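Please review the following briefing on the fold, the charged pairs and the backbone geometry of one protein model. The sequence and structure come first, and the notes follow by topic.

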Amino acid sequence: MSESDVEPLVRGGYRCLLCDVRVPNSPSLNDHLKGKKHQKLLSVRSCRKSQQEKSLFVSGFRKGTSNLEITDYFQNFGTVANVIMDKDKGLYAIIEMADTKEVEKVLSITQHCMNGQKLRVKHKENKEFKYIPKQKQNPGKKLIDFEELTQALCQAVDVDEQMKQLLQLFELTESETMLRKLIVSLLQEVFLEFFPSCRILPFGSSVNAFGIHGCDMDLFLDLENTKAFQANARSKVETEEVNGIKQDTPSETQSEDSILSDIDLGTSTTAEVLELVATVLQKCVPGVHKVQAVTTARLPVVKFIHKESGLQGDISINNRLAVRNTQFLQLCASLDQRVRPLVYTVRYWAKQKQLAGNPFGGGPLMNNYAVTLLVVFFLQNRIPPVLPTVNHLKELADEDDQCIIDGWDCTFPSNHSKIEPSSNSEGLCELLAEFYKFYSQFDFAGTVISLSEGKVHLVTDFIGSESETNLRLGPINIQDPFELSHNVSGNINERTGQKFKRQLDEAFKYCRSLQYQRKSNKGKIWGIVRLFQPLNSTDCSPAHSPELDYSSVNELNHGGNVFTIPFKLSCLSEQTREKLHGSSDFREIWFNEVCHAVLYVMETVLKCSCTCIEGSNVQTDDIKISNFGENRNDNEDNTALKRKHLVEEISETSSTKKARIETVQYRREVTWHCAVWSRVWVGRRKMRRQLHFRTSKPDANTDVAINSLEVEEKVTEGILQQEECGDKSSPLIMFTLCALLVGGNEDTRAMIRVTPVQHTTLFTEFFHFLESFVPKMTEKCFEKSD
C-alpha cells in the first residue's frame with residue numbers, strides 16, 4: 001500500500017483514495033486496509049501497472065487491419081500476450097507483450113512498417129489507476145427524478161390529468177414487458193429439460209398491472225406436475241421390477257444424466273430443492289449470473305440477475321397464494337380505469353414519505369402490496385362502490401372458477417363480463433382527496449380491515465384462543481383477501497404506524513386547499529406534486545410527534561398541555577386481552593384499565609396526591625390490575641393526611657366540570673385534582689445509579705429509562721428522602737388531570753390533559769417529564785398485570 005492511498009480529513013477520520021472510502025478513526029482504517037475490498041483493489045492496481053509497463057500504443061495501419069495481422073507482425077519481437085483494437089474506428093491498437101524486455105526490443109527499432117504502412121509505436125501512456133464502482137444497471141426506461149416529475153406534472157390541466165400522466169411516466173413500457181416475458185420463456189424452456197411438466201409463473205409488480213421501471217421479477221416454480229411425473233415413473237419402474245420385466249432402456253428419471261435421479265421432490269426439503277434450482281440456473285441458463293440460494297429467509301428463494309438487462313429476479317417454490325393475489329390485483333385493475341392511476345399515486349406518495357418501499361432507516365416499512373390493498377378497500381367502501389368485495393366475486397364465480405390453495409378459498413370469476421361495471425362517477429381528484437379523508441379518520445389499531453367483506457372488524461374478534469384465525473395484530477391490520485390468517489402489514493412497528501397516520505392527516509388537510517384543487521397561475525407547484533415532496537430531517541425525527549386535532553373533542557381546548565396514550569394491543573397482558581376478547585365495547589374496557597394505570601403511576605409511583613371528582617371514583621383501592629407493585633401503606637402519616645385534605649379543598653372550589661360516566665365500570669372521561677409535593681422528576685437517573693439499578697433499554701427521547709414499576713417507585717422514594725428537610729406544608733404544583741377516551745372514527749387512544757392551577761416554569765418542567773414518563777409506565781402496568 002502506498003502512503004498516498006490514505007488522506008487525513010480536516011474534521012477527523014481518514015479517506016482511502018484507492019477505494020474512495022471514509023472511516024472515522026485509526027482502528028477502522030486498519031480494518032479497512034486489511035479487508036477484502038482494499039486488498040483486491042491493491043491486486044488489481046498492481047496487475048494494471050504491470051500490464052502498462054508491457055504495453056505499446058500502435059497506430060498508422062490501414063483501416064480494417066485485423067487483430068491477427070498485428071499479432072503476426074509483433075511476434076517477430078517476442079510473445080504477444082494480448083491485442084486490444086479500437087472498436088469504434090479501428091485507428092489504433094494496444095499491444096501487450098510478455099515482458100518488458102520485449103517492449104524495449106520493439107522500441108529499439110526506429111521505424112516499423114507493416115503491409116506497406118509506416119507504424120507509429122510508443123509506450124502506452126501511463127494513467128493513474130482509479131476505482132470506479134459498477135453502477136447498477138437499470139433495464140429499460142429509467143425512473144424519472146423528482147425535479148423532472150415536478151416539471152412534467154405542473155404542466156397538466158387538472159389533478160385528474162396529473163394522475164394519468166404519473167401512470168404513464170412510471171408504468172412498464174411494452175418493451176420492458178416483452179423483455180420479462182422473454183426471460184420467463186427462456187427459464188421455462190431450460191427448466192422443462194430438468195423438471196418435466198413444471199411451470200414458471202410470474203407474479204408481483206412485473207405482472208399485477210402496477211409495475212414500475214426496473215422492478216424485480218418474482219417467479220414461482222410450480223413443481224406439482226413434476227412431482228406427479230416423478231412418482232408415476234418410479235411407480236412404473238417398481239411394478240416392472242416386481243413383474244420381472246427387464247428394462248433395456250432406462251426411464252427418464254432413472255437416467256444418470258437426469259437431475260431428478262438423485263432427489264425425491266415429494267420428500268425433499270425446500271432448501272434441497274432450491275439448491276438444485278440454483279445449480280440449474282447457474283450452469284444451464286445463458287445470461288444469468290450472481291445466483292444465490294437464500295434458504296433461511298421467511299420465504300426461501302433463489303436470487304439471480306439477468307446479465308444483459310440487469311433485471312433482478314427471485315424464484316420461489318412455495319408461493320402459490322402470491323400468484324393468486326397477483327391475479328386478483330389484475331382483476332381489480334381491469335374492472336375500472338381509475339384504479340391504476342389512484343394506486344400509482346398513493347404508492348408514490350407512500351414512497352416519498354418513507355412509509356413504503358425501500359427502507360431509509362427508522363424501522364420497517366409497509367410493502368407495496370399492503371398499500372395497494374388499502375386503495376382497493378377504500379374503493380370497496382365508496383357509495384356506490386367502485387370495486388366489489390371478494391365475497392361478492394365468489395358469488396359470481398362458476399364451478400370451473402373454484403380455486404382452493406393451502407385450504408383457503410381463492411375463488412373469483414375468470415370471466416370478467418359477469419361483473420357489472422361500477423355506477424360511481426367520481427373523478428380521480430375527488431377520489432384521492434377522499435382516500436386521505438377516509439384513512440385519516442380510521443381506527444387502525446382498534447380494527448382489522450377485511451377485503452373479503454369490504455368492512456372492518458374489531459381487533460378483539462381476533463384475540464384469544466377461540467379466534468378462528470391466528471392473525472398477527474399490530475398498529476395497522478390488513479387481512480389478506482384469501483389467506484385470512486395473514487396480516488399483510490404485520491411487519492410494521494408502532495413508530496411506522498404513527499408516522500403513517502400523521503402523513504395521512506397532513507395529506508387530508510392539504511387536499512382541502514385550493515392549491516390541490518386548482519392549477520397555479522404563478523408557476524408554483526400544485527395538485528399532487530406537493531403531496532410528493534420528500535420528508536425533511538425534522539419530519540423523520542423519532543421525537544417528532546403528531547399534531548393533535550381537538551376540533552371533535554370539545555372537552556379538551558386548544559392551548560392545553562396534552563399527551564396521548566395510544567391503544568397498543570401488543571402491550572396488553574394476556575389477562576387484559578382475554579377481557580377484551582369478543583367485546584363490542586372494548587374501547588371502554590381498555591380506557592377503564594388506562595385510568596386505573598394512570599392513577600397508579602401518579603399516586604404510587606410518583607407519590608402525587610390525587611382526588612377524583614365526584615362521579616369519577618377511580619381509586620387505587622379499586623384497581624382491577626391488582627399487582628402493579630407494592631400497595632401503599634394504609635396507615636398514612638399526618639403529613640399525608642394534610643396533603644389529602646388540601647387537595648380535597650381544591651377539588652371543592654374548582655370550576656372544572658364533573659366527568660361524564662356512562663357506567664360505573666366503563667368511563668369515557670375521568671378527572672382528578674392532583675398535587676405534587678417534591679421535585680420527583682429531577683435527578684431520577686442519578687438516584688437510579690445510587691440505588692444500583694440498571695435499566696434494560698435506555699430510551700432515545702428522554703432521560704427516563706423504564707425498567708420496572710418497583711424500580712421507579714424506589715427512585716421516587718429515594719428522592720423524597722433527600723428532600724425531607726424541605727417545606728412540605730404546601731404543594732409545589734397543583735393541577736387537574738383529565739383523561740378522555742377518543743375512538744371509533746379515529747385511532748383509539750386516551751388523551752390526557754394536564755391543567756395547572758397556576759402556570760409556572762416549574763409546571764412546564766413537570767409536564768415535559770409526565771408526557772414521556774406516564775405513557776411508558778402505563779405500558780409497564782399492563783405488562784405487570786399477569
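K607 and E713 meet through their side chains in a salt bridge (3.1 Å, N to O), the term being used for a side-chain nitrogen of Lys or Arg within 4 Å of a carboxyl oxygen of Asp or Glu. K607 lies in the loop between α20 and β20 and E713 in helix α23, so the pair ties together parts that are 106 residues apart in sequence. The model is predicted: local features need pLDDT of at least 70, side-chain atom pairs count only at pLDDT 80 or more, and totals for chains, interfaces and linings use all residues. Residues are numbered from 1 along each chain as its sequence is written, and side-chain values use heavy atoms, with hydrogens and water left out.

**Overall composition**

- The protein has 24 helices and 23 strands; helices (H or I, at least four residues) and strands (E, at least two) are DSSP runs, numbered from the N terminus.
- Of the 786 residues in the protein, 47% are buried, where buried means under 20% relative accessible area, exposed over 50%, and partly exposed in between (1.4 Å probe, protein chains only).
- Among contacts (heavy atoms within 4.5 Å) between residues at least 6 apart in sequence, 68% join residues at least 24 apart.

- K607 counts as buried at 15% relative accessibility, and E713 counts as buried at 8%.
- Helix α23 (residues 709–722) has 14 residues, which should span 20 Å at 1.5 Å a residue; its end C-alpha atoms are 20 Å apart, in agreement. The expected span of a helix is 1.5 Å times one less than its number of residues.
- The buried residues of α23 include L709, V711, E712, E713 and V715.

**The five-stranded sheet**

- Five strands form an open antiparallel sheet in the order β19-β23-β22-β21-β20; two strands pair if DSSP finds at least two bridges between them.
- β19 (561–566) and β20 (609–612) are the edge strands, each pairing on one side only.
- From one strand to the next, the twist averages 25°; axes are lines fitted to C-alpha atoms, for helices over the stretch in contact, and angles run from 0 to 180 degrees between N-to-C directions.
- Four bridges join β20 to β21 (residues 669–676) in the antiparallel sense, and T611 has H673 in β21 as its bridge partner.
- Helix α20 (residues 586–605) lies across β19, β20, β21, β22 (733–742) and β23 (749–756), and runs at about 165° to β22.

**Other charged residues**

- The count of salt bridges comes to 21.
- E171 and R340 form a salt bridge in which the closest N and O atoms are 3.0 Å apart. E171 lies in the loop between α6 (159–170) and α7 (174–194) and R340 in helix α11 (residues 339–352), so the pair ties together parts that are 169 residues apart in sequence.
- E171 is partly exposed, with a relative accessible area of 23%, and R340 counts as partly exposed at 23% relative accessibility.
- K227 and E224 also meet in a salt bridge (3.6 Å, N to O); being three residues apart in helix α8 (residues 224–242), they are separated by about one helical turn.
- K227 counts as partly exposed at 32% relative accessibility, as does E224 at 42%.
- D480 is buried yet has no salt bridge, and the nearest side chain of opposite charge, K394, is 9.5 Å away. Lys and Arg count as positive and Asp and Glu as negative; His and the chain ends are not counted.
- D480 lies in the loop between β18 (478–479) and α15 (494–511). Leaving aside neighbours within four places in sequence, D480 is in contact with N325, Y369, H486 and V488.

**Backbone geometry**

- Most residues other than glycine have a negative phi, and most peptide bonds are trans.
- The I383 to P384 peptide bond is cis, with omega near -5°; P384 lies in the loop between α12 (368–380) and α13 (390–396).
- N115, a residue other than glycine, has a positive phi near 55°. N115 is found in the loop between β7 (112–114) and β8 (117–123) and is partly exposed, with a relative accessible area of 44%.
- K290 has a positive phi of about 55° although K290 is not a glycine. K290 is found in strand β11 (residues 288–294) and counts as exposed at 61% relative accessibility.
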